Each structure stands twice: as structure tokens, then as C-alpha cells.
Amino acid sequence: MDIARRCAYISNSYYNIGLKLTREYNLSEAADNLKKSLQFNKRNTDARNLLGLIYYHLGEISDALVQWVLSLNLQPYDNDADRYLNEVQRQPGLIDSYGQAITKFNQALALSQGGTDDLAILQLIKITESHKTYLRAHLLLGLLYMEVGEYRKSYRSFQNALRIDHGNTLAIRCIDELKTYLRESQGNKKTLKKVIHPEKEHEDSDIIIPEPLKEHQAWQTIGNILIGLLIGIASVAFIYLPVKEAEISREYNKQVINVSQQLSDASKTIKQKDEEIQKKQDKIDSLNSELGEINGLNDSKRLSLQNLMEAMRAYDSGNIESAAEYFAETDPELIDDKTYYDQLKTYFDDDGYVALTHKGDKFYEEGDYQKAMYYYDLSISVHPANPVAIYKKGLCYFQMGDRKKANEMFTEVIEKYPDHQVAEMAKRERGF
Amino acid sequence: MINFDEEIKNFKPSLEISKVEDAIVHSDITDVQDIMLEMLKKASKE
């Protein structure tokens with residue numbers, strides 16, 4: 001057998017192995033065999049075309065194009081590569097789409113080699129979503145997940161890689177590594193199972209149920225929002241509103257209690273006022289009664305009683321001047337029952353005469369000496385031992401030009417009340 | 001134990017679409033048959 005035939009024979013053998021492995025979806029190994037086949041016979045068109053198909057399936061469209069173009073160059077006629085190239089070119093955007101995926105993969109590879117794993121992972125996730133058979137993207141993603149400790153995701157990536165290429169040695173090795181690592185580091189079979197068989201949790205009750213990655217559909221999202229709203233409304237209806245209602249009720253009760261208290265206090269005050277009015281009415285009735293009894297008595301006594309009665313009436317109505325006038329005209333000697341007289345006398349002796357004097361002072365300051373003297377006289381009449389009012393009455397006379405009467409007043413003060421402070425002032429007025 | 005850095009080093013960038021033409025032009029498709037024939041030629045000359 002010559003060399004050419006021997007090489008063709010070996011090439012065909014490798015091709016047959018490669019074809020068998022390809023049919024078993026053991027693509028990496030098949031590709032290796034097909035490459036060996038081509039090393040022995042570069043004109044083995046079937047081997048080259050199949051190698052191109054494997055590259056195409058694994059997402060490496062550029063490599064596929066290279067193989068098919070070479071194949072077509074080596075055998076321009078009756079070549080399936082021609083058909084493959086036409087198919088690829090006929091689909092609009094196919095080459096661009098693969099080209100972009102390849103560019104992104106190269107960027108992700110550069111990022112991962114530079115240590116920027118997070119960005120590389122994001123890039124690879126996008127690639128594997130749009131090009132599900134891009135084997136090297138799955139493998140690189142699996143490695144990166146493993147590196148960052150996302151073992152479950154790493155396992156899933158390698159599983160995806162194995163679904164594309166059943167005999168991929170890197171994927172098999174990494175899955176074995178994952179199993180071993182988890183078994184040694186955690187010693188927890190459940191966790192390991194959770195990582196390895198996340199989709200079989202419903203079949204094995206011993207396995208901890210992992211967090212499944214759900215693909216939310218629109219109606220699920222809307223349903224969740226509605227459930228959230230219902231829970232919110234129920235919370236308001238059953239929790240917030242009763243609390244608020246109780247709070248309002250408490251506040252209302254408190255206000256009712258306050259108002260009741262105020263009403264009660266007002267009632268008490270009214271009752272007290274009523275009692276006072278009744279007492280005063282009783283006094284008046286008593287005096288009227290007394291007056292009736294003494295109708296037969298002499299005029300002086302009757303006049304005194306009338307004055308006392310008027311004084312009481314004026315005092316009750318707050319008219320101090322009138323009360324003082326009537327009181328001064330009352331003769332206590334002619335009154336048998338001095339209860340009311342003593343009551344008025346106590347008032348005038350304590351405060352009443354001072355109030356009358358102050359009213360006189362007011363008119364004195366205004367220059368109305370007649371009125372001032374009127375009040376000083378009233379003050380003296382209800383409280384005769386009153387040196388201040390006497391002194392001030394003297395001042396009124398003095399201001400009115402009656403020096404004689406003024407001196408009489410000053411002299412009275414000096415003689416009757418020599419120790420009082422106005423006595424010195426009176427002396428000065430007299431020129432002593 | 002898998003060495004991440006070593007594994008990453010084994011990854012080669014995919015061939016970009018824009019470089020397909022260059023790859024075809026510079027492809028070395030020499031096979032064993034070519035090598036053997038070359039060797040036989042050299043041997044016959046000697």
C-alpha cells in the first residue's frame with residue numbers, strides 16, 4: 001500500500017470515529033478526531049465539512065466558515081460546504097449575531113483574565129441566553145461561578161455545557177471537582193444534592209428544596225401585585241382602622257368627661273349663687289318684717305332701720321357711696337338687732353373707709369375739691385377715727401381758699417392723732 | 001483541584017468574523033501525505 005492510500009485509510013478511520021462521536025454529541029472528542037483525520041488527508045472533504053458543522057454548533061462560526069471555505073477551495077464541485085455557506089449567508093443577521101457574541105465572549109475572557117469576574121459573568125450570561133449552544137461561554141461562565149463561590153450556578157453551567165458536548169472533559173472534571181469539594185468542605189449530602197440535582201427536589205423528600213429560579217410571567221406579576229394590594233387593604237381594615245377607631249373613641253370620651261366636669265362645676269357655681277341670693281333675700285325679708293313690726297315705733301327708730309336697710313341694699317348692689325351715706329345716717333342705739341349693722345360696720349372699718357378716701361383722692365388730683373371733700377366726709381362718717389381723711393379734707397378747704405376751716409382740720413389731726421404720720425404734715429401746713 | 005487561573009489561560013479568544021479571511025489565507029493545511037512526499041523528494045535527490 002502506497003503512502004497516499006495509507007494516509008487516506010488512516011484519515012478515513014479518524015473520520016469514522018469523529019462521525020460516531022458526533023452522532024453521540026461527544027463533540028470535543030469528535031473535533032479532535034476530525035482534526036487528526038485532516039492531518040492525514042487535507043482533502044478529506046467530509047471530515048472538514050463535519051468539523052465545520054461542529055464548530056458551527058458550538059458557536060464558533062468563524063472557525064466553521066474557515067473550514068467550509070477551505071473545503072470548497074480544495075473541492076470546488078459536489079461539496080456540501082457550498083450548501084452550508086449558502087445557508088449561513090441566506091439567513092439575515094445570523095453572521096452579525098454570532099459575530100457580536102464572539103466579540104462579547106472575547107471581552108468577557110479578557111475581563112476574567114484581568115480579574116474582573118463580576119462584569120465577565122454578566123457578559124457571559126447575556127451570551128449564553130442569546131446563543132445557547134456557545135460551548136466555551138458556558139464553560140467560562142461555569143469556571144467564573146466556581147471562582148466566586150456560586151457553586152449551584154457553576155454546576156448548572158457545566159451541565160449546560162455537557163448537554164451541548166456530552167464528553168467535554170473540562171465540564172466533567174469541574175463537576176467532579178464540585179462534588180468532591182462540597183463533600184469535603186461541607187460534608188453535607190443534602191447540600192451537595194441541592195447543588196447537583198436542583199430540579200429533582202420534588203422527587204426526593206430528603207433533599208432540601210433549593211430556591212428555584214422562576215421565570216415570572218406577566219400574569220404572575222399582576223397576581224402578586226393584586227395579592228399585595230389585598231393584604232394592604234386587609235391590614236388597614238383589620239389593624240389600622242380598629243386602632244384608630246379606639247383612639248378616636250378614647251378622645252371623644254375624654255372630651256365628654258371634660259364637658260361633664262365643666263357642667264358640674266357650672267351647676268355648683270349657679271347653686272352657690274342661688275344660695276347667696278336666697279340669703280340676701282332672706283335678710284331683706286327679715287328687715288322688711290322687722291320694719292313692719294316697728295311701724296308703730298317712733299320716727300327716729302324707723303328712720304334708722306330704713307337707713308340700715310337701704311345701706312344693705314346699696315352694699316349688695318355694689319354702690320359703696322350710697323351704702324356709706326345710709327350707714328352714716330343709721331343710729332345703732334335705735335336698732336335692737338345689730339347683726340346687719342355690725343356686718344356693715346366691719347366692712348367700713350376694715351376696707352370701706354379706705355376705698356372712700358381713695359375715691360376722694362382721685363377727685364382731688366383732678367382739682368374737683370368739692371367732690372373730693374364729699375368722699376372724705378363719707379369716709380370720716382363711716383369711720384370717724386380717720387386722721388388721713390380729716391387731713392385731706394383740710395387740704396380741700398385750703399385749696400378752696402378757706403384757710404380757717406383748713407386749719408381746724410389740721411389742728412384736729414394734730415391734737416387727736418399726734419403720733420400719726422399725717423400729724424407732722426398737718427403741723428407743717430399750720431406752720432409749726 | 002481545578003486551578004482557575006490555569007484553566008482560564010487555556011481559553012483562547014474565539015476567531016472574530018473580521019479575521020476569517022486572514023485565517024483562511026494563513027491556514028496551514030499541510031497534511032502527513034504532503035510531509036511524506038516532501039521527505040521522499042528530498043531522499044530521492046540525495
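The model is predicted, and the predictor assigns the complex an ipTM of 0.87 and a pTM of 0.50. Chain A comprises 19 helices and 0 strands, while chain B comprises 3 helices and 0 strands. Contact between the chains involves 31 residues of chain A and 20 residues of chain B.

**Chain composition and confidence**

- Chain A has 432 residues, of which 33% count as buried.
- Among the contacts in chain A with a separation of 6 or more, 44% join residues 24 or more positions apart.
- Chain B has 46 residues, of which 7% count as buried, and its elements run α-α-α from the N terminus on.
- The mean pLDDT of chain B is 87, with 100% of its residues at 70 or more.
- Within chain B, the lowest mean pLDDT of an element is 84, for helix α1 (residues 4–10), and the highest is 91, for helix α2 (residues 20–25).

- The element that gives the most is α6(A), with 9 residues.
- By class, the chain A side that touches chain B has 16 nonpolar, 8 polar and 7 charged residues.

**Packing of α1(A) against α3(B)**

- Helix α1(A) packs against helix α3 (residues 32–45) of chain B at an angle of about 160°, and their axes are 9 Å apart.
- Because this angle is over 145 degrees, α1(A) is roughly antiparallel to α3(B).
- The crossing in which α1(A) passes α3(B) is right-handed.
- Ile3(A), Ala4(A) and Cys7(A) of α1(A) make this contact with Val32(B), Gln33(B) and Met36(B) of α3(B).
- The residues of the contact of α1(A) with α3(B) comprise 5 nonpolar, 1 polar and no charged.

**Packing of α1(A) against α2(A)**

- Within chain A, α1(A) and α2(A) pack at an angle of about 165°, with their axes 8 Å apart.
- These two helices, α1(A) and α2(A), are therefore roughly antiparallel to each other.
- Helix α1(A) passes α2(A) in a left-handed crossing.
- On α1(A), the residues making this contact include Cys7(A), Ile10(A), Tyr14(A), Ile17(A) and Leu21(A).
- On α2(A), they include Leu27(A), Ala30(A), Leu34(A), Ser37(A) and Phe40(A).
- The contact of α1(A) with α2(A) divides into 10 nonpolar, 5 polar and 2 charged residues.
- Cys7(A) takes part in the contact with α2(A) and also in the contact with α3(B).

**Loop residues with positive phi**

- Most residues other than glycine have a negative phi.
- Tyr25(A), which is not a glycine, has a positive phi of about 60°.
- The position of Tyr25(A) is in the loop between α1 and α2 of chain A.
- With 14 other C-beta atoms within 10 Å, Tyr25(A) is partly exposed.
- Asp78(A) is likewise not a glycine and has a positive phi of about 50°.
- Asp78(A) lies in the loop between α4 and α5 (80–90) of chain A.
- Asp78(A) is exposed, with 7 other C-beta atoms within 10 Å.

Conventions
Residues numbered from 1 in each chain as written. Chains lettered and ligands numbered in written order. Predicted model: local features only at pLDDT ≥ 70, side-chain atom pairs only at ≥ 80, totals over all residues. Contact = placed C-beta atoms within 7 Å. Helix = DSSP H or I, 4+ residues; strand = E, 2+ residues; numbered from the N terminus. Nonpolar A, V, L, I, M, F, W, Y, C, P; charged D, E, K, R; others polar. pLDDT = per-residue confidence, 0-100. Axes fitted to C-alpha atoms, helices over the stretch in contact; angles between N-to-C directions. Parallel < 35°, antiparallel > 145°, perpendicular 65-115°, else oblique. Left-handed = near helix turned anticlockwise from the far one by under 90°. Buried ≥ 20, exposed ≤ 12 C-beta atoms within 10 Å, placed from the backbone.
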